[in-house]
Amino acid sequence: MTEHVKTEITNGILTLTLQRPEKKNALTGAMYDALSDALRKAEADASVRVVLIQGDGDSFTAGNDLADFASQARGEVPVDSPAHRFIETISKAGKPLVAAVQGNAVGVGTTILLHCDLVYLADNARLITPFVNLALVPEAASSWLLPLRIGHARAYAMFALGEPMEASAALACGLANAVVPQAELRKRALDAATTLTKRPAGALGQTKKLMRDHQRIAAQIAEESQLFKERLKTPEAREAFAAFAERRPPDFSKVG
Ligand code: COA
């Protein structure tokens, strides 16, 4: 248990619960590190057969902590390393990943779903990837995986217009397995995870490996993260983070 991430192993399921509801589970460096460490340990721990990811409060996660992005943009802390390590780790996970998502899933909150094997959404879930409005580029191989899954037009509208995707639409275009009332979300995801614990782990592992092009994903992550790090330092990005902190819309007309 780290401050804002609870980790718990029960009946073969490692449950990772984001616990920073007052900030909509926005992810800090320490939270990314806690998630990466837990995922890495799970890979080496034969008693863990499935990983379940969920968040407390009304939002799955508001994505990367924007105050952290702002200090990275000002050069006060190194750019993005815990986030990058987490993205690399989750994208390489060999064990099945199940996600339970309610409310807003912003940025990495949506892009990690592309690395999960089963995704359950509460009926109030909204997937949002506002990278361009933050003057950033998509991450976690989502620039390849999202258009692959839902087509270029819909993916572009999510990235560039920041158009949220509601739960029912996400289900219809194959981003999720089911939409359930919020009160049933955790049970539904846990039931699926429990079923997976009873499947032969070797066959599960090989099936996942066959279904994911890990080499292509790693190459996309490397290309994205180079651009992402450069973009974080741009005047555009500084304006976007300042606008969020000052609760005003960004004005990109004067920054180039
Ligand atoms: N980083 C840091 N703090 C965040 C945050 C983030 N990504 N998202 C929300 N918060 C904080 C808010 O600053 C606010 O803190 P305060 O109470 O100390 O002022 C608190 O969480 C509640 O957020 P609020 O915006 O009031 O909630 P909301 O329900 O009106 O809106 C969101 C929820 C998620 C839609 C909205 O907070 C949002 O757009 N957040 C930014 C998401 C984002 O761009 N993430 C980066 C993606 S790459």
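Q: Which residues does Met165 touch, leaving out those up to four places away in sequence?
A: Contact here means heavy atoms within 4.5 Å. Met165 touches Ala125, Arg126, Leu127, Ile150, Arg154, Met158, Ala170, Cys173 and Leu175, with residues up to four places away in sequence not counted.

Q: What kind of model is this, and how are residues numbered?
A: This is a predicted model: local features need pLDDT of at least 70, side-chain atom pairs count only at pLDDT 80 or more, and totals for chains, interfaces and linings use all residues. Numbering starts from 1 along each chain as its sequence is written, and side-chain values use heavy atoms, with hydrogens and water left out.

Q: Is Met165 buried or exposed?
A: Buried means under 20% relative accessible area, exposed over 50%, and partly exposed in between (1.4 Å probe, protein chains only). Met165 counts as buried because its relative accessibility is 7%.

Q: Which element holds Met165?
A: Helices (H or I, at least four residues) and strands (E, at least two) are DSSP runs, numbered from the N terminus. Met165 is in strand S8.

Q: Which residues of helix H6 are buried?
A: First the general idea. An α-helix has 3.6 residues a turn, so residues three or four places apart point the same way. In H6, residues 152–161, the buried ones are Ala155, Ala157, Met158 and Phe159. They pack against strand S7 (126–128), H5 and strand S8 (165–166). Just after H6, Gly162 has a positive phi of about 70°.

Q: How much space lies in the largest pocket?
A: Rolling a probe the size of a water molecule over the atoms shows where empty space is left. The search uses a 1 Å grid over the protein atoms alone. A cavity is a set of points where a 1.4 Å probe fits but cannot get out; a pocket is an open set with protein on both sides within 12 Å along at least five of seven lines; lining residues have an atom within 4 Å of a point. Grid points are joined across faces, edges and corners, and a volume is the space filled by probe spheres set on the points. The largest pocket holds about 1200 Å³. It is lined by 49 residues, and the closest to its centre are Ala62, Asn64, Leu66, Leu134 and Phe244. Elements giving two or more residues to this lining include helix H2 (66–73) and helix H10 (214–232). H11 gives the largest share, seven residues.

Q: How does the lining of the largest pocket split by class?
A: Ala, Val, Leu, Ile, Met, Phe, Trp, Tyr, Cys and Pro count as nonpolar, Asp, Glu, Lys and Arg as charged, and the others, Gly among them, as polar. The lining of the largest pocket has 28 nonpolar, nine polar and twelve charged residues.

Q: What about the second largest pocket?
A: Its space is about 440 Å³. Of its 22 lining residues, the closest to the centre are Cys116, Asp117, Leu118, Met211 and Arg212. The classes are 14 nonpolar, three polar and five charged.

Q: How many cavities of 30 Å³ or more does the whole structure have?
A: The search finds one. The largest cavity holds about 60 Å³. Its lining residues include Leu16, Ile53, Phe60 and Thr61. By class the lining has eight nonpolar, one polar and no charged residues.

Q: Which residues are closest to the ligand?
A: A residue is near a molecule or strand if one of its heavy atoms lies within 4 Å of it. The ligand is surrounded by 15 residues, and the closest are Lys23, Ala62, Asn64, Leu66 and Arg247.

Q: What does the side chain of Glu239 make a polar contact with?
A: A polar contact is a pair of N or O atoms within 3.5 Å; within protein, one must be able to donate a hydrogen and the other to accept it, and residues adjacent in sequence count only if both atoms are side-chain atoms. The Glu239 side chain makes one with the side chain of Arg248, at 2.7 Å. Glu239 lies in helix H11 and counts as buried, at 14% relative accessibility.
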